[in-house]
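Biologist: I'm new to this one. Can you walk me through the model?

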Amino acid sequence: MNAPDGLADEIVLPYKPRSYFACTIHATRKRWIFVVAHRRAGKTVALANTLIKAALENPRVDPPPRYAYVGPSFDQTKDLVWAYLKHYTANIPGVRCLEGELAVVFPGGGTIRLYGGALAYERMRGIYLDGAVLDEYPLLNPRAWTSVVRPCLADYRGFAIVSGTSNGDDHFHALKLKAEDDPAWDVFDVKITDTGSEALSLEEVQEMRNDMSADEFAREMLNSFDAPVEGAYYTEALNALQLQNRVTKVAPDLNASVVTCWDLGMRHLQVVWLFQMAGRELHWIDYIEGRGKALSHYTDLLGLKAKTGGFRYKAHLLPHDVEVRELATGHSRRHELVGLLAEPVITVPNHSTEDGISAARAALGVSWFDEEATRRGLARLRSYRRGKSGVAIADEAEDAADAFRTGCVGVAMISSTNFARPGRLRRRIRGLV
Ligand SMILES: Nc1ncnc2c1ncn2[C@@H]1O[C@H](COP(=O)(O)OP(=O)(O)O)[C@@H](O)[C@H]1O
Ligand SMILES: [Mg+2]
């Protein structure tokens, strides 16, 4: 590392970055960085070292470089980060750690100061900063970034890292969605499945899984922002799916046909899932949702997908309400769909929600999902949940889950000819990963 004047040429910090941070937050050149990482991934250590490196490498003398570490509370910041800062700067000649002020002063005059709690925001107003870390962002005041820290970074074009562990659908999630659409930001999502045993041993992860509720594990270790607080139907099955890396790239096998399964959007959403069967496995390759559009919109879209994807359909699975006659036309939706689709339209007989959910859980155990194309559908399956009265909440998640259920129950009604051979698909999926 190059050192500013007055320091030895080479300073070796006692920090060895974990590989998943070395190639993400330590490698990016972007000014704004968002990172969501699981508990104990080593975020705080990595962020403290980012500030130390930046402070050491900043050549400006006047005014002296200033960096801030912002945490949720004064005590927590002091207990955790202060110890890391002292440890990782101990080898730097001439460095001073001012206990009373929770500030590290570098020989060149640069400082890193810790801030925590509501009072800290008042102290930060109006100062300049060369870089800031906002750690445990879900626990910070939602306005800490925009109205306090961001203005401090304007004078010297300072950088910022917003970091945390998912805490559900909150301001941290909102900022992630915004950052994903903004090229000025780099967004990193580090799940327990990405860190291998570098952060936590397999046994430790297994124990945490036993101790935490399934939703908690989804949020805090798998970085899910969709996992609802309680009562979700498929959390266990979806966690298993993710831990086994069955959410990946799954392209359609062009030698095999595709089945669709539908929910007719009587309440909120019109939903169509697309899947292929490979032996006992189900490969979910695409997901469509919409509202307020004619059935022909969806059949056109399916036609387009088949044409661009180079695949054929085998059949379309519809829920039993497809048979209901519409008063305006005197015809059923089934009648309309038969006119629009070239392949067989199969009505899946009515079944109890409980039976359908069991079938869906069993199907999830042998399912693979294309990460990109089914992202939204999977998020909906995650948030499909039962309300206080014990029955499923009728929302968009239910529409996606109902279509999925129709597929899982209805698949038994389709003959298995012209489906993919599992070996071939497995090789294809492996080759893609
Ligand atoms: N690069 C590293 N080298 C050695 N130990 C590390 C490293 N990063 C983190 N740790 C250790 O892992 C544990 C969790 O780190 P921490 O940064 O507090 O995690 P997080 O903030 O993600 O919950 C701590 O005991 C910390 O000392
Ligand atoms: Mg931390």
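**A first tour**

Modeller: Let's start at N223, which lies in the loop between α9 and α10. Keep in mind that this is a predicted model.

Biologist: Fine. What is phi of N223 near?

Modeller: It is near 55°. That is a positive value, and N223 is a residue other than glycine.

Biologist: And does N223 count as buried or exposed?

Modeller: N223 counts as buried, because it has 23 C-beta neighbours inside 10 Å. The cut-off for buried is 20 or more.

Biologist: Which other residue has a positive phi?

Modeller: E136 is one, with phi near 50°. It is not a glycine either. E136 is found in the loop between β6 (131–134) and α5 (144–152).

Biologist: Is E136 buried or exposed?

Modeller: E136 is buried, with 21 other C-beta atoms within 10 Å. There is also N245, which follows α10 and has a positive phi near 55°.

Biologist: You keep mentioning α10. Which residues of α10 are buried?

Modeller: Helix α10 covers residues 235–243, and its buried residues are T235, L238, N239, L241 and Q242. They cover an arc of only 160° around the axis, which puts them on the same side of α10.

Biologist: How does that fit with helix geometry in general?

Modeller: An α-helix has 3.6 residues a turn, so residues three or four places apart point the same way.

Biologist: What do the buried residues of α10 pack against?

Modeller: Four helices and strands to look up first: α7 (192–199), α9 (214–220), β9 (247–248) and α13 (353–364) are among them. β15 (367–370) and α14 (375–383) are also on the list.

Biologist: Zooming out. How many helices and strands does the protein have?

Modeller: The secondary structure comes to 16 helices and 15 strands. The C-alpha trace spans about 85 × 45 × 40 Å along its principal axes. The protein has 433 residues, and buried residues make up 41% of them.

Biologist: What about domains? Which ones does the domain assignment give?

Modeller: Domain 1 is 19–196 and domain 2 is 247–432. Their C-alpha centres lie 44 Å apart.

Biologist: Where does the largest nonpolar core lie?

Modeller: Of its 106 residues, L51, Y69, V70, A132, L134, V272 and W273 touch the most other members. Domain 1 and domain 2 both give residues to this core, so it lies between them.

Biologist: Pick one of those. What is V70 in contact with?

Modeller: Leave aside its neighbours within four places in sequence. V70 is then in contact with Y115, A120, A132, V133, L134, D135, L140, A144 and V149.

Biologist: What share of contacts join residues at least 24 apart?

Modeller: It is 73%, among contacts between residues at least 6 apart in sequence.

Biologist: Where is N91?

Modeller: N91 is in the loop between α3 (74–89) and β3 (96–98). It is partly exposed, with 13 other C-beta atoms within 10 Å. Leaving aside neighbours within four places in sequence, N91 is in contact with I11, V12, L13 and P14.

Biologist: How many residues apart are N91 and A199 in sequence?

Modeller: They are 108 residues apart in sequence. In space, they are 25 Å apart, C-alpha to C-alpha.

Biologist: Last one. Which strand is G290 in?

Modeller: G290 is found in strand β12 (residues 281–290). It counts as partly exposed, with 13 C-beta neighbours inside 10 Å. Not counting residues up to four places away in sequence, G290 touches Q270 and H297. L254 is 36 residues from G290 along the chain, and their C-alpha atoms are separated by 26 Å.

How values were computed:
Residues are numbered from 1 along each chain as its sequence is written. Chains are lettered from A and ligands numbered from 1 in the order in which they are written. This is a predicted model: local features need pLDDT of at least 70, side-chain atom pairs count only at pLDDT 80 or more; totals for chains, interfaces and linings use all residues. Domain bounds come from an automatic or database domain assignment. A residue is buried if 20 or more other C-beta atoms lie within 10 Å of its own, exposed if 12 or fewer, and partly exposed in between; C-beta atoms are placed from the backbone. Helices (H or I, at least four residues) and strands (E, at least two) are DSSP runs, numbered from the N terminus. The arc is that of the directions from the helix axis to the C-beta atoms. Two residues are in contact if their C-beta atoms, placed from the backbone, lie within 7 Å. A nonpolar core is a set of buried Ala, Val, Leu, Ile, Met, Phe, Trp, Tyr and Cys residues joined through C-beta atoms within 7 Å.
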